[in-house]
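Grab a pencil and work through these exercises with the structure open beside you. Try each task yourself before you read its solution.

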Amino acid sequence: MANVAVIGAQWGDEGKGKVVDWLASRADIVVRFQGGHNAGHTLVVGDTTYKLSLLPSGVVRGKLGIIGNGVVLDPDALFSEIEKVRAQGLDVGPHNLRIAENTPLILPLHPALDRAREAARGEDKIGTTGRGIGPAYEDKVGRRSIRVCDLAEPETLSAKLDELLLHHNSLLRGLGSPEFEKQPLLDKLLALAPRLLPYAEAVWETLDAARVAGKRVLFEGAQAVMLDVDHGTYPYVTSSNTVAGNAAAGAGVGPGAIGTVLGIAKAYATRVGSGPFPSELFDDVGRMLGEKGREFGTVTGRPRRCGWFDAAMVRQAVKIGGVNGLVLTKLDVLDGLKELKICVGYKVGGVETRRLPAGMRAQAAAEPIFEVMQGWSGSTFGARSYAELPAEAVKYVRRIEELVEAPVMMLSTSPDRDDTIALRDPFAG
Ligand code: GDP
Ligand code: IMO
Ligand code: MG
């Protein structure tokens, strides 16, 4: 099966939405396998901009969208997003959106706990999106989750709510936050059942049938390797595995079904939220990248921190994420800079290393080692072929390939879906 998985190779917001949209035209099915509505994927089609959080980006191309069991699903967020894209003219309903019946739900008590915890952390806050992602994954692993399939069993819902409230109200009480009552939550879930259940199915079977029929499946990652709960800059991470390997468990397919793994990386680096960022810039160049790149969180609206491309970190993401090829986005934002820097490693306690250390203190202390490259005076904005790129831009791309030890398979030169340079067809394997 010629499938493709798309994952972020930095700290999120690399342009996965645009790339998934572009690839979706060549796919039959687009599957989300982790994360939730903490993701914000922007797709620009002519004059219309779609901002998707939960819906697989393939819906814009009229493809079958699947929300896999690895996602944590906030039903209110789902239905308001469906309304929003319907108002933009898209057709979304149970005929083209399927949700794994074993997907855990985000309930109102999850964002409440997320926010209360962040407030209690004060200066040490993670900078979460406040959408209840972490607490919802905790409940899944703690075997307390209410899942989509539970909506068909009112007695199960009632018993599970008792257990859930015992746990959550104890925590909320400890944090000095208001507690939740059972009945309004039960009423909400019972009212939700007829709306959500038509979307629910055993998506592993749908995906198995797609495999047998030779259909092309695109796995759409959210967040990025450096936000992975195991491999990222822990604890400043999200609460799921963002690496492509999780596409198998998070959708219900075998590891062989994942196919080619594309790692998406900006031609520089950004991060929303707290945590280490060795190549971060605090000067005019950083401000320029933020303004020109319109670096504001799609979900939170917070300004993104900006810095130079960190090749050591992306190399790490390539190895851990099993990335076969890179998609380099936002090359156009670097247009006009006289000089570019690439982080090629770190100095930690006076010792040089190519690997970001795992410890919190060591990560915070990592000083970047930069290599300087010449910028270009021409424009890459909107380029659709390699031949249109200035020679120095090509050199920059080639140097990145060497440093991260992966080929660049695609380049993106504007927010528009068609301003893309494809060097290889990822579905060709
Ligand atoms: P995602 O979370 O990885 O899907 O990325 P986001 O959509 O949150 O953020 C990426 C932003 O960059 C969006 O505003 C995109 O429209 C924009 N974008 C994507 N590719 C390019 C590009 O090549 N050039 C420019 N200038 N903007 C881009
Ligand atoms: P996409 O898919 C960028 C960050 C938050 C915070 C940390 C934990 O658009 O790339 P969470 O709410 O997940 O518990 O927050 O992760 N974060 C993202 N940063 N892009 C995202 O998604 C993100 N999703 C979560 O800012 O630092
Ligand atoms: Mg985003």
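**Exercise 1. Find the residue of β13 that is the bridge partner of Leu-262, then place its strand in the sheet.**

Step 1. Look across from Leu-262: its bridge partner in β13 is Gly-325. Strands here, like helices, are DSSP runs numbered from the N terminus (strands are E with at least two residues, helices H or I with at least four).

Step 2. Count the links: β9 and β13 are joined by five bridges and run parallel. Two strands pair if DSSP finds at least two bridges between them. In general, strands of a sheet pair through backbone hydrogen bonds, either parallel or antiparallel.

Step 3. Now widen the view. Ten strands make an open sheet with mixed pairing, in the order β7-β6-β5-β2-β8-β1-β9-β13-β17-β18. At the edges stand β7 (200–201) and β18 (420–422), each with a single partner strand, so one side of each has no neighbour in the sheet.

A word on the model: it is predicted, so local features need pLDDT of at least 70 and side-chain atom pairs count only at pLDDT 80 or more, while totals for chains, interfaces and linings use all residues. Residues are numbered from 1 along each chain as its sequence is written, chains are lettered from A and ligands numbered from 1 in the order in which they are written, and side-chain values use heavy atoms, with hydrogens and water left out.

**Exercise 2. Decide why strand β1 (residues 4–8) is described as largely enclosed.**

Step 1. Check burial, where buried means under 20% relative accessible area, exposed over 50% and partly exposed in between (1.4 Å probe, protein chains only). Five of the five residues of β1 are buried, so the strand is largely enclosed by the rest of the structure.

Step 2. Sort the side chains by direction. Val-4, Val-6 and Gly-8 point one way, Ala-5 and Ile-7 point the other way, and all are buried.

Step 3. Identify the strands paired with it. β1 runs parallel to β9 (residues 260–266), with five bridges between them, and Ile-7 has Gly-263 as its bridge partner there. β1 also runs parallel to β8 (residues 217–220), through three bridges, and Val-4 stands opposite Leu-218.

**Exercise 3. Work out which residues of helix α10 (residues 311–321) are buried, and what covers them.**

Step 1. List them: Ala-311, Ala-312, Met-313, Val-314, Gln-316, Ala-317, Val-318 and Gly-321. Eight of the eleven residues are buried, so α10 is largely enclosed by the rest of the structure.

Step 2. Look for the cover. It includes β1, β9, β12 (309–310), β13 (325–329), β14 (339–348) and α12.

Step 3. Inspect both ends. At the start, a side-chain oxygen of Asp-310 comes within 3.2 Å of the backbone nitrogen of Ala-312. After α10 comes Gly-322, with a positive phi near 65°.

**Exercise 4. Find which residues touch the most other members of the largest nonpolar core.**

Step 1. Start from the meaning: a nonpolar core is a set of buried Ala, Val, Leu, Ile, Met, Phe, Trp, Tyr and Cys residues joined through side-chain atoms within 4.5 Å. The largest one has 60 residues, and Phe-309, Leu-328 and Tyr-396 touch the most other members.

Step 2. Ask where the members come from. Helix α12 (residues 391–404) gives the largest share, seven residues.

Step 3. Zoom in on Tyr-396. Beyond its neighbours within four places in sequence, its contacts (heavy atoms within 4.5 Å) include Phe-309, Leu-331, Met-373 and Trp-376.

**Exercise 5. Which residues come nearest to each ligand?**

Step 1. Take ligand 1, with 18 residues around it (a heavy atom within 4 Å); Lys-16, Gly-40, Thr-42, Asp-332 and Ser-412 are the closest.

Step 2. A nitrogen atom of ligand 1 is 2.7 Å from an N or O atom in the side chain of Asp-332.

Step 3. Turn to ligand 2. Of the 20 residues around it, Lys-16, Asn-38, His-41, Thr-129 and Thr-238 come nearest. A polar side-chain atom of Lys-16 lies 2.7 Å from an oxygen atom of ligand 2.

Definitions and conventions
Polar contact = N/O pair within 3.5 Å; in protein donor to acceptor, adjacent residues only side chain to side chain.
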